[in-house]
Amino acid sequence: VPGDRDGLALAVSGGTPAGRSGKPEAASAATPVTWGRLLVSYLRVGCLAFGGGLASLPVFRAELCDRRGWMSPDEMAGWFGAAQVVPGVILVNVSATTGLRLKGRRGAVLAALAAVAPAVVCMLGVGWLWLGYGGNRWVAGGLRGLRGAVVGMLAAAAVRLAVSAWKNAGVRGLAPAAATAAWMMSGGSPVAVVLATVVCGALAGWTADRRERRRGGGT
Amino acid sequence: MMLCWTLFWVFFRISVLSIGGGYNMIPLMQEGLVEREWLTDAQFTELIGLSEATPGPIAVNAATLTGWRVAGAGGALAATAGVCLPGGALVAALGAWLVRKREHPAVKGVLRWMGPALAGLLGATAWKLGVVLWGGAGRVDGVAAGVAAVSFLWLLGWKGSPGWVFAAAVVAGLAFGAGG
């Protein structure tokens with residue numbers, strides 16, 4: 001019966017039978033989530049998320065919200081916030097949570113694998129060039145340029161982070177940066193820096209919040 | 001096989017400690033990979049350059065490339081799995097709870113403190129790798145040093161996108177540095 005099949009399709013897509021109430025765009029907004037579409041969507045995100053990290057938010061939004069209509073931009077922003085709080089690679093984290101939300105556990109695994117696959121394939125090609133032709137004078141020349149750019153990029157990132165720490169918290173922001181640099185220069189491990197930052201940051205945030213609450217409760 | 005497991009665990013550990021994504025992993029990787037003598041400082045600098053200049057997240061690219069270099073295709077897969085697993089599994093397991101808790105004061109405190117710490121970590125790493133660039137091979141690499149200075153000013157002053165900076169750096173290297 002055709003009418004039944006219509007109803008089923010709408011139920012699967014999670015849409016409302018808006019076509020009958022005169023709002024066709026609401027029904028056509030969300031495409032049904034199939035394994036094939038999930039794979040294609042996350043492969044595409046993996047190809048387009050060039051720099052990774054926060055830069056991939058617009059890519060995710062364009063694909064999952066605008067193109068597929070699988071979730072609202074607000075929901076996507078929420079998953080992004082969660083993915084940032086957790087350690088690891090943001091692209092993988094966002095893919096895993098949204099994949100889970102769309103198609104369960106296997107969806108999470110498929111989404112994460114598909115999002116990473118383009119990068120891995122690309123790097124196997126780069127690795128082949130790097131390992132096999134590192135002695136070639138043209139490859140070696142390009143690598144010399146790259147080495148310089150890496151040092152420049154890291155230094156620029158450090159300066160920019162230090163400037164924003166200074167703007168946000170003055171000397172109290174710059175002191176941890178200087179202490180970290182001194183620790184690293186004297187042969188200290190970055191692992192200790194990360195652990196100390198997590199402990200200090202959590203304590204500082206928690207106590208500041210409590211102090212504020214007590215003051216708020218007093219007045 | 002043993003080497004693949006080691007690769008997996010090394011990258012798993014790096015991934016667990018990297019909060020805030022991306023650049024956070026660079027100092028951790030520098031320590032983990034160079035100390036194990038899997039890469040020299042100069043090779044590590046190349047690794048980061050290649051990872052940044054190609055599509056995909058730096059961490060995934062660097063893991064795949066290191067694994068490939070150290071132990072072939074199996075190593076590439078092991079290292080990539082190690083770098084992806086902690087965050088992906090954690091975020092999938094905690095899901096909606098994390099979305100609610102991301103505004104928790106302790107969480108915000110950690111992220112706020114991570115910025116200054118990262119400034120120090122990256123500054124020190126830039127210095128270490130820069131020293132290798134300048135005098136590591138017994139002589140100054142003028143081409144790489146020049147590119148470093150230009151890209152530093154470019155990224156800081158014009159807010160250029162890293163993609164263009166890296167493309168220009170490769171072109172400069174080919175033009176001035178291919179002669180040996």
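A:Arg215 lies in helix H9 of chain A. The model that shows this placement is a predicted one. A:Arg215 is exposed, because its relative accessibility is 57%. Together with A:Arg172, A:Arg210, A:Arg211 and A:Arg214, A:Arg215 forms a positive surface patch.

**Fold of chain A**

- Chain A contains nine helices and zero strands.
- Read from the N terminus, the order of elements in chain A is α-α-α-α-α-α-α-α-α.
- Chain A has 219 residues, of which 41% count as buried.

**The positive patch and helix H9**

- Helix H9 of chain A spans residues 190–218 and supplies the largest share of the positive patch, namely four residues.
- A salt bridge joins A:Arg213 to A:Asp209, with 3.4 Å between the closest N and O atoms.
- The relative accessibility of A:Arg213 is 60%, so this residue is classed as exposed.

**Salt bridges**

- Over all chains, the structure holds seven salt bridges.
- In one of these pairs, the side chain of A:Arg101 meets that of A:Glu75, with an N to O distance of 2.6 Å.
- This pair links distant parts of the chain, since A:Arg101 belongs to helix H6 (residues 90–133) of chain A and A:Glu75 to helix H5 (residues 73–85) of chain A, 26 residues apart.
- A:Arg101 is partly exposed, its relative accessible area being 37%, and A:Glu75 is likewise partly exposed, with a value of 23%.
- In chain B, a salt bridge brings together the side chains of B:Lys108 and B:Glu103 at 3.3 Å, N to O.
- B:Lys108 has a relative accessible area of 39% and is partly exposed, while B:Glu103 counts as partly exposed at 47% relative accessibility.
- A network of salt bridges links A:Arg44, A:Glu63, A:Arg67 and A:Arg68.

**Cysteines**

- How many disulfides are there over all chains? The count comes to zero.
- A:Cys122 is in no disulfide either, and its nearest cysteine sulfur, that of A:Cys47, is 9.4 Å away.
- Is A:Cys65 buried or exposed? With a relative accessible area of 9%, A:Cys65 is buried, because buried residues are those under 20%.
- A:Cys122, by contrast, is partly exposed, with a relative accessible area of 26%.

Conventions:
Residues are numbered from 1 along each chain as its sequence is written. Chains are lettered from A and ligands numbered from 1 in the order in which they are written. This is a predicted model: local features need pLDDT of at least 70, side-chain atom pairs count only at pLDDT 80 or more; totals for chains, interfaces and linings use all residues. Side-chain values use heavy atoms; hydrogens and water are left out. Patches are made of residues with over 30% relative accessible area and no salt bridge: like charges are joined within 9 Å, nonpolar side chains (Val, Leu, Ile, Met, Phe, Trp, Tyr) within 5 Å. Accessible areas come from the Shrake-Rupley method with a 1.4 Å probe; for residues, only the protein chains shown count as cover. A salt bridge is a side-chain nitrogen of Lys or Arg within 4 Å of a carboxyl oxygen of Asp or Glu. Lys and Arg count as positive and Asp and Glu as negative; His and the chain ends are not counted. The place of a charge is taken as NZ of Lys, CZ of Arg, CG of Asp or CD of Glu. Helices (H or I, at least four residues) and strands (E, at least two) are DSSP runs, numbered from the N terminus. Buried means under 20% relative accessible area, exposed over 50%, partly exposed in between (1.4 Å probe, protein chains only). A disulfide is a pair of cysteine sulfur atoms within 2.5 Å.
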